[in-house]
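Open the structure in your viewer and show it as a cartoon. The tour goes from one selection to the next and says what is there.

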Amino acid sequence: MASMHAPSAASLLPSAVRRAPVARWTAMLFLAASGAALSLPAQALRIKEVAAIAGARSNKLTGYGLVVGLDGTGDQTTQMPATTQSLSNYLQQLGITLPPAALSSLQLKNVAAVLVTAEMPAFAQPGQAIDINVSSIGNSKSLKGGTLIVTPMRGVDGEIYALAQGNMVIAGAGASAGGSKVQINHLSAGRIPGGAQVERAIPTPLQEGSTINLDLNATDFQTARRVAQVINARMGAGIAQALDGRTVQVQAPIGPGARVGFIADLEELPLELAAPSAKVVVNARTGSIVLNQAVTLGPCAIAHGNLAITINSTPVISQPGAFSQGQTVVAQKSDITIKQEPGTLLTLPVSPQLADVVRALNSLGATPQDLLAILQAIKAAGALNAELEVI
């Protein structure tokens, strides 16, 4: 299956906090600055935190199955005919054949069609159990109390690597009556701990050849060079070499036991990392902004004002005379108000440290949503010395 194993901190707070969003943003930046003040210029990690052994990876499995034993919350078969067909196919495997007339009249309230997904860990062997997730794909109201019947779990190559079955754990509850409904958490998806049994191992290239490759979690030529230097200093000169910014090739013993012991020692080697590249991560959906300790700010001036447009519609009724044979007419009267708050031009000085950046941004008194636009504008003006990533 080649496609499967391819390789002082309180001074940072403003004197007055007038609005709740500003307080939330201030607290967030305050925590970031506090952490930066306590951290060292370099981070002490182990090689296993920054790199993984090529080929030692998990694989995705998926399957289609049926959940039975529901309390009348299954699929409506008139709208989900696949459920009926799937049950008929399953019964045929058990030696039960339904006539077409009976098949078309089935109303299965206790059965639901589901997709089953799992992640098969590296080096999993036949007989071992893995956790699975079960999700409804039809119009079932709830999967609570259901049992997943035997479901083959296939890889991307179409081969069966595990079999799933078991009772689901649903972290929710719900009830409905007379058009009213109360629900806690999600009822259309659940999990079965140890619900699948591995039937077939996935081969890995770990024991092949005389070398192993370390794949870095992120592309960084400096990190790749330091990993190679640490390995050569501890294991012997010439043992490791950096092939590119993400791959380090290491000479390894041939025997399986010796190679496993070598990798175990290799992953525990301490590694001093340089400060990461400056980055600001912005989540436009939630308004979250995260800055790392390498972010600096150049001198710039910022003016930011708010523009509010309010439209009020009032119904106006025109009533005709008593004997005019006219009709009552309802019209709409709209009042449009535009309010623009004055913006203040603020000068932000050079901020060589994260604490200075936090203090400068707090002085703006802007909400997190405003800061999203301000940071983008500062970056466009060339005063934000960091990569701006929007997620």
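**Start in the sheet**

Select valine 281 and glutamate 389: the valine stands opposite the glutamate, which belongs to β23. Keep in mind that this is a predicted model.

Now widen the selection to the strands around this pair. Strand β15 covers residues 279–283 and pairs with β23 in the parallel sense, over four bridges. β15 and β16 run antiparallel and are joined by four bridges. Strands of a sheet pair through backbone hydrogen bonds, in either a parallel or an antiparallel way.

Show β15, β16 and β23 together. They form an open sheet of three strands in the order β16-β15-β23, and the pairing is mixed. β16 (288–291) and β23 (387–390) are the edges; each has a single partner strand, so one side of each has no neighbour in the sheet. On average, neighbouring strands here are turned by 15° against each other, direction ignored.

**The hairpin and β16**

Next, follow the chain from β15 to β16. These two strands form a hairpin with four residues between them. In the turn, select glycine 287, which has a positive phi of about 80°.

Then show the side chains of β16. In a regular strand, side chains alternate between the two faces of the sheet. Which residues of β16 are on the covered face, and which on the uncovered one? Ile289 and Leu291 make up the covered face, while Ser288 and Val290 make up the uncovered face.

**The largest pocket**

Select Ala218, Asp220, Thr223, Pro276 and Ser277. Of the 22 residues lining the largest pocket, these are the closest to its centre. The volume of this pocket is about 480 Å³.

Colour the elements that give two or more residues to the lining: β1 (43–46), α2 (47–50), α5 (221–235), β15 and β16. Which element gives the most? That is α5, with three residues. Coloured by residue type, the lining of the largest pocket divides into 11 nonpolar, seven polar and four charged residues.

**The largest cavity**

The largest cavity has a volume of about 50 Å³. Its lining consists of five nonpolar residues, four polar and one charged.

Conventions:
Residues are numbered from 1 along each chain as its sequence is written. This is a predicted model: local features need pLDDT of at least 70, side-chain atom pairs count only at pLDDT 80 or more; totals for chains, interfaces and linings use all residues. Side-chain values use heavy atoms; hydrogens and water are left out. Two strands pair if DSSP finds at least two bridges between them. Axes are lines fitted to C-alpha atoms, for helices over the stretch in contact, and angles run from 0 to 180 degrees between N-to-C directions. On a 1 Å grid over the protein atoms alone, a cavity is a set of points where a 1.4 Å probe fits but cannot get out, and a pocket is an open set with protein on both sides within 12 Å along at least five of seven lines; lining residues have an atom within 4 Å of a point. Grid points are joined across faces, edges and corners, and a volume is the space filled by probe spheres set on the points. Ala, Val, Leu, Ile, Met, Phe, Trp, Tyr, Cys and Pro count as nonpolar, Asp, Glu, Lys and Arg as charged, and the others, Gly among them, as polar. Buried means under 20% relative accessible area, exposed over 50%, partly exposed in between (1.4 Å probe, protein chains only).
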